[in-house]
Amino acid sequence: MSNPLLSGDASDIDLLEKQPFTETDHEILKSYEAAVDGLAMLIGGHCEIVLHSLEDLKCSAVRIANGEHTGRKIGSPITDLALRMLHDITDEDCSASKAYFTRAKSGSLMKSVTIAIRNRNRRVIGLLCINMNLDVPFSEIIQTFIPEETHDVAPNVNFASSVDDLVAQTLEYTIEEVNIDRNVSNNAKNRQVVLNLYEKGIFDIKDAINQVAERLNISKHTVYLYIRQFKNGECLGPER
C-alpha cells in the first residue's frame, strides 16, 4: 500500500458512515483475524496481510502479518490508497478491488488487492488488504511452496464436487486402506472401515450411514452399532 497519509478528499471520507460500530460489527472484524494469519502462512513471508477497521482511521490496522514489508504494525493508520480503493468497491455487488501495483516506502514493488468486509446491512466496516512484495527473490518465494520434509505433506485430500461424491470417494479410499492393512482380519474389515470413517468425521454428513451400509452390504443398524461401540471405547484399533 502507499504511504500512510490520510486523504483529505471529502469524497473519500463520505464513503464512510459515521454511525458507531455495533458489537456485531466488532465480532465480524474479529472473525477475520484468523484469515490474516492463515493467508500469511499459506502464501509466505513475502506477502503482507493487513486487516483494517474503518471505525477509527487513525489506528485502523487491527491485525497484520509480515508488516516489515511496509513498516506497519497494529495501530497504524489507514493509507490514502486504501481509502481510494473504496471507490472501486462501493457497489452492492462488488467487494473486491482490481489488483493494482504500488511501491512501499522502501521502494519495493508491491502487487495488491483490497477486499471489503461488510456487516449484515452491507455497510463496509473493514478492509482486508493483501500486498505481495515482488522484489523478494523468486527463489525465496518458490521455497515457501516446497515442503521441507516428506512428513509435512498431508494425506490425500478429496476435492469432491458434492457431499455424496465426498462420502463415496472417502469410502472407497478407506476400503482400499483397510484391505491392504495386514493387521486387520477379514471378518473385521467392515468394522475397521466404519471406525476409520468415524475418525475422519464422515458420519457428520447427512445420509452417510446409508451410503456406507449399502456399499459394505451391511445394515445401517450394524453401522450404528459399530459407531456406538467406538464411542463407548468397546473396540479401538484393528482386530487381529
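For this talk, a helix is a DSSP run of H or I at least four residues long, and helices are numbered from the N terminus. The model under discussion is predicted.

N66 is not a glycine, and yet its phi is positive, at about 60°. N66 sits in the loop that runs between β2, residues 61-65, and α4, residues 80-85. R122, also a residue other than glycine, has a positive phi near 70°. The loop that holds R122 lies between β4, residues 109-118, and β5, residues 124-133. With a relative accessible area of 35%, R122 is partly exposed.

The protein chain contains 9 helices and 5 strands. Their order along the sequence is α-α-α-β-β-α-β-β-β-α-α-α-α-α. The protein chain has 240 residues, of which 40% count as buried. Among its contacts with a separation of 6 or more, 54% join residues 24 or more positions apart.

I return to α8, which spans residues 208-216. Which residues of α8 are buried? They are A208, I209, V212, A213 and L216. These residues cover an arc of only 130° around the axis, and so they lie on the same side of α8. As for their partners, the buried residues of α8 pack against α6 (163-179), α7 (189-199) and α9.

Let us examine the partner α9, residues 220-231. The axes of α8 and α9 come within 8 Å and cross at roughly 110°. Angles of 65 to 115 degrees count as roughly perpendicular, and α8 and α9 are therefore roughly perpendicular to each other. The crossing of α8 past α9 is right-handed. On the α8 side, the contact is made by I209, N210 and A213, and on the α9 side by K220, V223, Y224 and I227. Sorted by class, the residues of this contact between α8 and α9 are 5 nonpolar, 1 polar and 1 charged. I209 and A213, which take part in the contact with α9, are also among the buried residues of α8.

From α7, the residues N190, R191, V194, L195 and Y198 meet V223, Y226, I227, Q229, F230 and K231 of α9. By class, the contact of α7 with α9 has 7 nonpolar, 2 polar and 2 charged residues.

Finally, I turn to a residue in a strand. F101 belongs to β3, residues 100-103. Is F101 buried or exposed? F101 is exposed, with a relative accessible area of 53%. Setting aside neighbours within four places in sequence, F101 is in contact with L109, M110, K111 and L134. F101 and S112 are 11 residues apart in sequence, and their C-alpha atoms are 6.2 Å apart in space.

Methods: Residues numbered from 1 in each chain as written. Predicted model: local features only at pLDDT ≥ 70, side-chain atom pairs only at ≥ 80, totals over all residues. Heavy atoms only, no water. Axes fitted to C-alpha atoms, helices over the stretch in contact; angles between N-to-C directions. Helix = DSSP H or I, 4+ residues; strand = E, 2+ residues; numbered from the N terminus. Parallel < 35°, antiparallel > 145°, perpendicular 65-115°, else oblique. Left-handed = near helix turned anticlockwise from the far one by under 90°. Contact = heavy atoms within 4.5 Å. Nonpolar A, V, L, I, M, F, W, Y, C, P; charged D, E, K, R; others polar. Buried < 20%, exposed > 50% of the residue type's maximum accessible area, 1.4 Å probe, protein only. Arc of directions from axis to C-beta.
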